[in-house]
Amino acid sequence: MTLASISSSPRATAISWLTSLRVPPVVILSFLIVALAIAWSLAPGLFTSYDPVNGTPAQKLLGPSAAHWFGTDHLGRDLYTRVVYGTASSVASALIAVAIGVVAGGIIGLLAGFFGGWVDTVFARLVDVLLAIPKFLLAVIVVTAIGFDTTNAAIATGVSAVALFARVMRSEVIKTRAATFVESSFLLGGSRGHILWRHVLPNASRSVLPLAVLQFGDSILVIASLAFLGYGDPPPASDWGLLISIGKDYLKWPWLVYAPALVTIATVLSVNRISRWLRKTDCPRF
């Protein structure tokens with residue numbers, strides 16, 4: 001093998017990897033929408049100069065215009081500003097919910113699939129109980145028990161997602177545990193902890209990423225639904241679900257509902273599209 005062929009091999013591999021990652025325009029648009037939502041949540045002051053809490057009563061219930069992109073509400077507050085500032089609560093709550101689901105569900109599925117026996121039986125019964133309760137009803141029960149605010153709504157949403165992550169992780173662990181390289185590691189004297197941490201977990205967790213992205217969008221919907229029903233932070237908070245709930249009382253001014261609802265729908269659909277793309281994309285390794 002010549003020096004030229006050695007130097008060109010990594011370059012060819014990198015080019016083939018980039019070629020295989022052809023991102024459709026719809027996915028690019030989805031990434032841009034999600035990036036905008038994240039930017040809103042991190043630095044809302046960069047996107048608007050209005051106060052999200054204090055409005056001008058003389059400018060109440062104005063329609064969308066160049067000065068107020070989403071119009072104003074019944075207290076004269078700029079609705080676009082309230083949507084932007086409400087993004088931080090919605091995104092952070094969804095991240096908390098996904099983290100709870102991934103960690104708790106991942107641990108349950110990992111232990112159940114790897115050890116089997118009575119451990120698998122006990123965790124399987126726990127997952128069956130969680131799956132027997134409708135997800136939204138379980139979230140309502142949990143948030144009612146621990147209190148009404150957005151953080152508790154996020155915790156409730158995360159608890160309702162534990163069974164889903166546990167079942168997916170368990171199936172992946174069982175599949176990975178039967179692989180040849182895992183059996184070889186056992187025969188070479190590897191301890192259970194070493195095999196679990198170094199071999200089973202990294203390979204079994206690959207399917208969790210698309211599911212976590214999908215669950216992020218679903219969590220935004222569940223948390224918005226809880227806020228709509230009054231289980232989130234009270235006014236003057238500007239959670240997306242709360243904005244829709246307030247706007248439904250002013251049917252003559254439909255932008256009070258349409259604006260936060262369209263932002264919520266666009267964000268959730270974008271996250272779902274990214275999740276589908278991740279699930280279908282097989283990224284080769286160098």
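**Ground rules.** I number residues from 1 along each chain as its sequence is written, and I work with heavy atoms for side-chain values, leaving out hydrogens and water. As the model is predicted, local features need pLDDT of at least 70 and side-chain atom pairs count only at pLDDT 80 or more, while totals for chains, interfaces and linings use all residues.

**Aromatic pairs.** I looked up rings of Phe, Tyr and Trp (its six-membered ring), which pair if their centres lie within 6.5 Å; planes under 30 degrees apart are stacked, over 60 edge-to-face, and the rest tilted. I found six aromatic pairs by this rule. Phe31 and Trp277 have ring centres 6.0 Å apart and planes at 85 degrees, so I noted them as edge-to-face. Their pair joins distant parts of the chain, with Phe31 in helix H2 (residues 25-42) and Trp277 in helix H11 (residues 255-280), 246 residues apart. Helices here are DSSP runs (H or I, at least four residues) and strands are runs of E of at least two, numbered from the N terminus.

Next I checked burial (buried is under 20% relative accessible area, exposed over 50%, partly exposed in between, with a 1.4 Å probe and protein chains only). Phe31 is partly exposed at 38%, and Trp277 is buried at 14%.

I then turned to Trp40 and Tyr80, an edge-to-face pair with 5.9 Å between centres and 85 degrees between planes. Trp40 sits in helix H2 and Tyr80 in helix H3 (residues 79-115), 40 residues apart. Trp40 is buried at 8%, and Tyr80 is buried at 9%.

Residues 126-147 are 86% helix and 0% strand, with end C-alpha atoms 24 Å apart. Residues 153-169 are 100% helix and 0% strand, with end C-alpha atoms 24 Å apart.

**Second largest pocket.** Which residues line the second largest pocket? I listed Phe31, Val34, Ile38, Val91, Leu95, Val213, Phe216, Val271, Ile274 and Leu278. A pocket is an open set of points on a 1 Å grid over the protein atoms alone, with protein on both sides within 12 Å along at least five of seven lines; lining residues have an atom within 4 Å of a point. H2, H3, helix H9 (208-228) and H11 each give two or more residues to this lining.

Key: 1 Å grid on protein atoms, 1.4 Å probe; cavity = no way out; pocket = protein on both sides within 12 Å on 5 of 7 lines; lining within 4 Å.
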